[in-house]
Amino acid sequence: MQDRARTAPQPRLSTGTRGLDDVLRGGITPQRLYLVEGTPGSGKTTLALRFLMEGRAAGEQGLYITLSETVDELTAVAASHDWTLDGIELFEMVAEDEFGFDHEQTLLHPSEVELGETVRGIIELVEKADPARVVLDSLSELRLLAQNPLRYRRQILALKHFFARRNCTVLMLDDRTTEPGDLQLHSIAHGVISLEQLANDFGSERRRLRVVKMRGLKYHGGYHDFTIEKGGICVYPRLIAASHQRSFPTAPVTTGLAELDALLGGGLFPGTTALLAGPAGVGKTTTSVRCMIAALKRGQKAAFFLFDERLATLMIRSKALDMDLQPFLDSGLLEIRQIDPAELSPGEFASAVRSTVEDNDVSVVVIDSLNAYLHAMPSDNFLVLQMHELLSYLARQGIVSLMILGQHGVTGELRTDIDISYLADTVLMLRFFEASGEVRKSIAVIKTRTSDHERSIREFMIGKNGIRIGAPIRSFSGILSGSPTYTPTNGDLLPFDPADEAKDP
């Protein structure tokens, strides 16, 4: 029986913060003391208030003891989220009249008296209110009153044992004003949650959190992006592809173009990623839209994440090419999300993709383009790993993923900011070439991992009737190198239609 008691799962207490309970795999252990640390503005107060509100909803008494902020400031924070703090005890440890001359003395060092009075005041408050959840904001005030690390540690330990006897779950907030490397609080607390706020050279600030320790509990380690929205903190748990798997059919699906299916060796396979690479204006987005519409016509759902182009421009251009997207938007089969890379963290983007896939049962995902995604986090050394995890997740969900990658240059040697072609299962290379004084376009499949694809290069043309793909071009050499040589002997190029070319976007 003792062995079963040891292995029985411990009860969890919800923090009330969306996504944080997922990181903690259910919540925190009740009746323990936890440290929430972070610089000013990182979201500590918002997280703590939401913790007390979650307890109020469960019928638990909450107490917020503030040593630094006023009750009016706390009420204003709650009002900014449309919250009400009714039923939660808010108490300022230092009243305004305590700063007068009548409270000054010279026989003892002020810190020796004030520290003891502050700790006794906290104890009296807890005994009077008898709360189940307590927030102490902030420990930096106690640290200043203690004057030396030994007294500070003893007072925190005394409070910890007092709260344990009262069966309280406590969040102690700390603004990281300690000396760098001081881990005294980490050793005392049962668990530590660290909040960070990072400023970029351009765009909004980025926030992330990390569970530094959590005794006796398994949790998802590493950094997790989060934002402060109206309604509280929203945490985006780091995507772990191995944790998400579902069964799906493996038969190839058509792209809507027989010639493109032939190039791909039968079409696109569920659970694979296709990368369309080429210079600007060559037709990458149009080709992706064509493949997506084929899935929409089969009754499957699709999601289009638009980074570069404006949504209105995409809609107008697609309709002009006989690929009107509006009916699919109206029916709910298609979701298009315009994304500003300067305002979105990679973790938030991965969470958006995951929610779209799982909530809407999406079968096709288009990311246009990877260049903007890569620029969203230029200083992160692990961006490619994050992209690998996202693509692995989509593959395990049976999604047909279409990624667009713009290359620098128009003709000649083209380059990209980063080579991620090895992450894709299928790579389509789109190129400009010149023949008889005309600028034309070609398409070729460089690799596929799922079929025996066609090795030839085909010409394709975009006009008012959509995309046309010609027969394999046999009279070219060096087209992919950017310096093609053409001998017009076989007549294998598409006939030039001036009306089509005039409307080519």
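**Exercise 1.** Is C168 buried or exposed?

Solution. The model is predicted, so local features need pLDDT of at least 70 and side-chain atom pairs count only at pLDDT 80 or more, while totals for chains, interfaces and linings use all residues. Residues are numbered from 1 along each chain as its sequence is written, and side-chain values use heavy atoms, with hydrogens and water left out. Buried means under 20% relative accessible area, exposed over 50%, and partly exposed in between (1.4 Å probe, protein chains only). C168 has a relative accessible area of 1%. C168 is therefore buried.

**Exercise 2.** Find whether C291 is buried or exposed, and count the disulfides.

Solution. C291 has 9% relative accessibility, so C291 is buried. A disulfide is a pair of cysteine sulfur atoms within 2.5 Å. By this rule there are zero disulfides.

**Exercise 3.** Check the span of helix α13.

Solution. Helices (H or I, at least four residues) and strands (E, at least two) are DSSP runs, numbered from the N terminus. The expected span is 1.5 Å times one less than the number of residues. For the 15 residues of α13 (residues 346-360) this gives 21 Å, and the end C-alpha atoms are 21 Å apart, which agrees. Just after α13, D361 takes a positive phi of about 55°.
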